[in-house]
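The stops below go from single residues out to the whole chain.

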Amino acid sequence: MIPEDLRFTAEHEWVAGVDGGTVRVGITHFAQDALGDIVYVQLPEAGAVVAAGESLGEIESTKSVSEIYAPLSGTVAARNEALGDTPEVINTDPYGAGWLLEITPDDPAAVDGLLSADAYRELTES
């Protein structure tokens with residue numbers, strides 16, 4: 001359940017490179033499983049500037065409300081507008097249709113400083 005081609009944060013976000021130098025961000029299977037049924041997502045608008053490690057939105061589930069943290073500093077290039085009507089897709093497809101937003105990173109090399117799949121697996125299994 002941990003794709004090898006992604007990078008991860010200790011706060012359970014994943015990061016994938018996409019065309020044009022932006023990165024796509026979502027929450028991991030581990031995170032959505034811990035949250036339970038997701039009912040609402042609040043995300044920043046395109047153009048918003050985000051700082052690595054800072055809160056950039058919230059995910060509300062039937063159990064709780066959790067912060068979403070920026071994995072990298074940069075500018076929001078897009079957000080997954082489909083989540084407004086169907087936030088539960090994060091539960092069924094966290095690494096696909098359940099992505100949250102795309103960020104144009106200030107420093108694209110910062111992706112390399114995030115956790116590898118093996119390091120994230122170690123974090124979640126301990």
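Start by selecting Glu81, which is exposed, with a relative accessible area of 53%; exposed means over 50%, buried under 20%, and partly exposed in between (1.4 Å probe, protein chains only). Glu81 sits in the loop between strand S8 (74-79) and H2.

A note on conventions before moving on. This is a predicted model, in which local features need pLDDT of at least 70, side-chain atom pairs count only at pLDDT 80 or more, and totals for chains, interfaces and linings use all residues. Residues are numbered from 1 along each chain as its sequence is written, and side-chain values use heavy atoms, with hydrogens and water left out.

Next, select Asn91 in helix H2 (residues 89-92). Is Asn91 buried or exposed? Asn91 is buried, at a relative accessible area of 18%. Show Gln32 as well: the side chains of Asn91 and Gln32 are joined by a polar contact of 2.8 Å. Such a contact is a pair of N or O atoms within 3.5 Å; within protein, one must be able to donate a hydrogen and the other to accept it, and residues adjacent in sequence count only if both atoms are side-chain atoms. Leaving aside residues up to four places away in sequence, Asn91 touches Gln32, Gly36, Asp37 and Ile38, where contact means heavy atoms within 4.5 Å.

Then go to His12, in the loop between strand S1 (7-8) and strand S2 (13-17). His12 is not a glycine, yet has a positive phi of about 75 degrees. The relative accessible area of His12 is 19%, so His12 counts as buried.

Finally, select everything and colour by secondary structure. The protein has three helices and nine strands, in the order β-β-β-α-β-β-β-β-β-α-β-α along the sequence. Helices (H or I, at least four residues) and strands (E, at least two) are DSSP runs, numbered from the N terminus. Along the principal axes, the C-alpha atoms fill a box of roughly 35 × 35 × 25 Å. Colouring by burial picks out 42% of the 126 residues as buried. Of the contacts between residues at least 6 apart in sequence, 60% join residues at least 24 apart.
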